[in-house]
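Work through the following exercises with the model open beside you, and try each task before you read its solution.

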Amino acid sequence: MNKAKKIFSNTIPVLIMIALIPIIKNDYILTFFYVVIIIYFLRLIKATKNEIIIFIFGFFSMIISESIFISTGVETFTRNTLFGLMPIWLPFLWAYGFVVISRSVKILDTK
């Protein structure tokens, strides 16, 4: 499988998660599905210890970053179940995005 296909296959969970946003209106149920998807794909592709650290870093750094954007008025959300600022599922989506980016870089670095 070439690098582009490998990278695309790693983005499938993120695409699924994005596709669920307009379908599942309840943020808590959507978050539950995100957690299930993330656990499934982290186990399916055998997440390394570093990927868990990357996920945690992405989770908390995106809460902070999104909070800053929201406080400046640059960004607003109508779904604000996390601290009254943003959807509770958003940091999970971003955090898994960090993992996908990490995996993509590793794929690009291989010969």
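A residue is called buried under 20% relative accessible area, exposed over 50%, and partly exposed in between, with a 1.4 Å probe and protein chains only. The model is predicted, so local features need pLDDT of at least 70 and side-chain atom pairs count only at pLDDT 80 or more, while totals for chains, interfaces and linings use all residues. Residues are numbered from 1 along each chain as its sequence is written, and side-chain values use heavy atoms, with hydrogens and water left out.

**Exercise 1.** Decide whether phenylalanine 83 is buried or exposed.

Solution. Begin with the position: phenylalanine 83 sits in the loop between H3 and H4, where helices (H or I, at least four residues) and strands (E, at least two) are DSSP runs numbered from the N terminus. Next, take its relative accessibility, which is 60%, so phenylalanine 83 counts as exposed. Finally, note the backbone, for phenylalanine 83 has a positive phi of about 60° although it is not a glycine.

**Exercise 2.** Work out how H1 and H4 are oriented to each other.

Solution. First, the axes of H1 and H4 come within 9 Å and cross at roughly 175°; such axes are lines fitted to C-alpha atoms, for helices over the stretch in contact, and angles run from 0 to 180 degrees between N-to-C directions. Second, angles under 35 degrees count as roughly parallel, over 145 as roughly antiparallel, 65 to 115 as roughly perpendicular and the rest as oblique. H1 and H4 are therefore roughly antiparallel to each other. Third, look at the contact (heavy atoms within 4.5 Å), to which H1 gives residues including Asn10, Val14 and Met17, and H4 residues including Leu93, Tyr96 and Val100.

**Exercise 3.** Find which residues touch the most other members of the largest nonpolar core.

Solution. A nonpolar core is a set of buried Ala, Val, Leu, Ile, Met, Phe, Trp, Tyr and Cys residues joined through side-chain atoms within 4.5 Å. The largest one has 25 residues, of which Tyr34, Leu93 and Tyr96 touch the most other members. Two or more residues each come from helices H1 (3-20), H2 (27-44), H3 (49-71) and H4 (90-109), and H4 gives the largest share, seven residues.
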